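Me: I have a model open and want to learn to read it feature by feature. Where do we begin?

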Amino acid sequence: ERHPLTITVNGREHTLELEAWVTLLDLLRERLGLTGTKKGCDQGQCGACTVLVDGRRINSCLTLAVMQVGRSVTTIEGLADGDKLHPLQQAFVEHDAFQCGYCTPGQICSAVGLINEGQAKCSAEVRELMSGNVCRCGAYPQILRAVSQVAG
Ligand code: FES
């Protein structure tokens, strides 16, 4: 059974019909074509699917799309301001904070949420608070430098 719902993603309202069991991740990737958000484990363990809901980071594979009605979802596609990269995107470029890039959208969304939370006061805290975002290439030192530059 499908339910009508209206959801706001990157400032744009979408009205669609959706089964209640569709995750936010599958809604973004498969229904809205926003494939910047990645599916890694689909079980809440890798952070590749991290997006922002009302400014707070969330694993989109672990939440249902129907729960986001009335909330504002932001994905990696929504962070830049026209041609101008978000400061964290710019920092990732400057610090070479990716290799294969698969975890990068999640890393960046997570870092934006982290900064919104105002908790990252030093790089040890950034490392701890970003521990839900796995990088299989091991680009952690560069990621940490990029995030710390913007957070600090
Ligand atoms: Fe959601 Fe891995 S795909 S945490």
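Reply: We begin with the core. A nonpolar core is a set of buried Ala, Val, Leu, Ile, Met, Phe, Trp, Tyr and Cys residues joined through C-beta atoms within 7 Å. Keep in mind that this is a predicted model.

Me: How many residues does the largest nonpolar core have, and which of them have the most contacts inside it?

Reply: The largest nonpolar core has 39 residues. Those with the most contacts inside it are Leu-28, Leu-88, Phe-92, Ile-108, Ala-111 and Val-147. Six elements each supply at least two residues of this core: strand 1 (2-9), helix 1 (24-31), strand 3 (50-53), helix 2 (87-94), helix 3 (104-117) and helix 5 (140-151). Domain 1 (2-78) and domain 2 (87-151) each give this core at least three residues.

Me: Take Val-147. What does Val-147 touch, leaving out residues up to four places away in sequence?

Reply: Val-147 touches Ala-111, Val-126 and Met-130 under that rule. Ala-111 is also among the core residues with the most contacts.

Me: Now the domains. How far apart are the centres of domain 1 and domain 2?

Reply: The centres, taken over C-alpha atoms, are separated by 21 Å. Contact between the domains takes 14 residues from domain 1 and 13 residues from domain 2. On the domain 1 side, strand 3 and strand 4 (56-59) are the elements that give two or more residues.

Me: On to strands. In which sense do strand 1 and strand 2 pair?

Reply: For pairing, look for at least two bridges between strands. Strand 1 and strand 2 (residues 12-19) pair in the antiparallel sense, over eight bridges. Pro-4 has Glu-17 of strand 2 as its bridge partner. Ile-7 stands opposite His-14 in strand 2. The hairpin has two residues between the strands, and Asn-10 takes a positive phi near 50°.

Me: And how many bridges join strand 1 to strand 5?

Reply: Two bridges join strand 1 to strand 5 (residues 72-74), and these strands run parallel. Thr-8 stands opposite Ser-72 in strand 5.

Me: Why does strand 2 lie largely in the open?

Reply: Count neighbours. A residue is buried if 20 or more other C-beta atoms lie within 10 Å of its own. Of the eight residues of strand 2, the number buried is zero, so strand 2 lies largely in the open.

Technical notes
Residues are numbered from 1 along each chain as its sequence is written. This is a predicted model: local features need pLDDT of at least 70, side-chain atom pairs count only at pLDDT 80 or more; totals for chains, interfaces and linings use all residues. A residue is buried if 20 or more other C-beta atoms lie within 10 Å of its own, exposed if 12 or fewer, and partly exposed in between; C-beta atoms are placed from the backbone. Helices (H or I, at least four residues) and strands (E, at least two) are DSSP runs, numbered from the N terminus. Domain bounds come from an automatic or database domain assignment. Two residues are in contact if their C-beta atoms, placed from the backbone, lie within 7 Å.
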